Amino acid sequence: MHPRDQTIFALSSGRPPSAIALVRLSGPQAGTVLTAFAGKLPVPRMATRALIRDLSRQPIDDAVVLWFPGPASATGEDVAELHVHGGRAVLATLFAALGAFENVRPAEAGEFTRRAFENGKLDLTEAEGLDDLIHADTDRQRRQALRQLQGLLGDKARDWRAQIIQASALIEAGIDFSDEGDVPTELIAPALAKVKTLLGEIEEVIAAQAQSERLRDGLVVAIAGPPNVGKSTLINQLARRDVAIVSPHAGTTRDVIEVQLDLDGYPVTVIDTAGIRETDDPVEQEGVRRALARAAVADLVLWLADAPDEKIPHQADTPVWLVRNKIDLEFSEGAAGGGQGHAMPVFRISARRGEGIPELVLALVAFAQHYFGTGEGGLITRARQRKLLQETVASLHRSLDVVGAGEELLAEELRIAAHSLGRLLGRVDVEDILDVIFREFCVGK
């Protein structure tokens, strides 16, 4: 039997132990398994209490079971849910009993969602939105992912594709009636008007895409500077917990430490890097190399210094803020920016005492607001989506360029544009990318 025709099962709730664990089944054997466990099939979509037993009629657990006959289910197949107590022994016994059924096997990562996609319950943009929703760390990411799951981009793409197909049909009709005098002109003109309108709409969406992708990936802030200036203390203050070792000895941090923060709903990754200095220690040299490389690709660098004349390495395209630490030690004021030759924000803090930290956090929130802009209202959240929309736009532009060269060329470009939108939705020619997308899902989803 093909794996897609087998019945799959998985734990779809948190790892044990837990108060309640949800085990889902999907496939043609789901009803058979549920009947064997509970003694009979419950009323569809109605929670029913049952003492579930294995094939030898030994009791497993007092559970709540639900039955969702296909195609009116999440995956489009027959689906059963077992809500059992979330102890490890209960789950181990239940999984062993499930594995005793022929053609019933554990699900692979993302297999439930993939079956929903293959059965027309989700398009590919909605599946990607579901993955983003599972991995959302902040409320703004959650809201953006939920809009994708609800079909924000998919509905638009379906409408665009339908309009392109309509325009293509007019062009094809013009070709078919080319011997009927002025008929082709009467058909081509409204088709071209429709193409121009669509082109403007899609280009507008692409123009606003960068901030949506940023919100999905998050803002990266690197804390850099010489050794022993308080970088680890600062990241502990921002995280409100001890995530980095704080020591009076220079060179304590040898590798890059990352902390995920939620700043007013914006996802921010703060990086504590190794102290940047000349050293003969090969391990510390590697730490310095990684620190410089990470700072170079960050979205913002906080250069921490405890001396008024600190020299700051040049960052070509990355904004740099000078953060003067240890203000409680009363050092004398020097030139802000350490002779950089251009103005930059300067903050004075005491990472040890927490002085100035609230002001720095407020500034980070304001930076994040500017960085993300209105990104959560955008349609595009992934490079794959952007690439296919750009291909669609390119085909529509070419269709307008070849108007005078023959209706056949125009029709072909519109066919290519519709094909690109079909790939965006996952309805044509996407088998090569499905494994890549769905393997990112967790098991049980």
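Visitor: How many helices and strands does the protein have?

Guide: This is a predicted model. The protein has 14 helices and 12 strands.

Visitor: What is the average pLDDT of the protein?

Guide: Read pLDDT as the predictor's confidence in each residue. Here the protein averages 81. A score of at least 70 is reached by 78% of the residues.

Visitor: Where does pLDDT stay under 50?

Guide: One such stretch is residues 244–254. The model still gives this stretch 30 contacts beyond four places in sequence. Residues 331–342 also have a pLDDT below 50.

Visitor: What share of the residues is buried?

Guide: Of the 445 residues in the protein, 49% are buried. The protein exposes about 21,100 Å². Carbon and sulfur atoms supply 53% of that area.

Visitor: Which contacts join residues at least 24 apart?

Guide: Take the contacts between residues at least 6 apart in sequence. Among them, 64% join residues at least 24 apart.

Visitor: Now the charged pairs. How many salt bridges does the count come to?

Guide: Start with the general idea. Side chains of opposite charge can pair when their charged atoms come close. In this structure the count comes to 18 salt bridges.

Visitor: Which residue forms a salt bridge with Glu128?

Guide: Arg384 does, with the closest N and O atoms 2.8 Å apart. The pair links distant parts of the chain, 256 residues apart. Arg384 lies in helix H12 (residues 383–401), and Glu128 lies in helix H4 (residues 124–134).

Visitor: Are Arg384 and Glu128 buried or exposed?

Guide: The cut-off for buried is under 20% relative accessible area. Arg384 has 17%, so Arg384 is buried. Glu128 has 1%, so Glu128 counts as buried too.

Visitor: Where do Asp139 and Arg142 lie?

Guide: Both lie in helix H5 (residues 139–149). They are three residues apart, about one turn of the helix. Asp139 is partly exposed, at 33% relative accessible area. Arg142 is partly exposed as well, at 35%.

Visitor: What about Glu355 and Arg353?

Guide: Their side chains also meet in a salt bridge, at 3.6 Å from N to O. Exposed means over 50% relative accessible area. Arg353 has 53%, so Arg353 is exposed. Glu355, at 34%, is partly exposed.

Visitor: Which residues are linked in a network of salt bridges?

Guide: Glu77, Arg105, Glu111 and Arg115 are linked in this way.

Methods: Residues are numbered from 1 along each chain as its sequence is written. This is a predicted model: local features need pLDDT of at least 70, side-chain atom pairs count only at pLDDT 80 or more; totals for chains, interfaces and linings use all residues. Side-chain values use heavy atoms; hydrogens and water are left out. pLDDT is the predictor's confidence in each residue, from 0 to 100. Contact means heavy atoms within 4.5 Å. Helices (H or I, at least four residues) and strands (E, at least two) are DSSP runs, numbered from the N terminus. Buried means under 20% relative accessible area, exposed over 50%, partly exposed in between (1.4 Å probe, protein chains only). Accessible areas come from the Shrake-Rupley method with a 1.4 Å probe; for residues, only the protein chains shown count as cover. A salt bridge is a side-chain nitrogen of Lys or Arg within 4 Å of a carboxyl oxygen of Asp or Glu.
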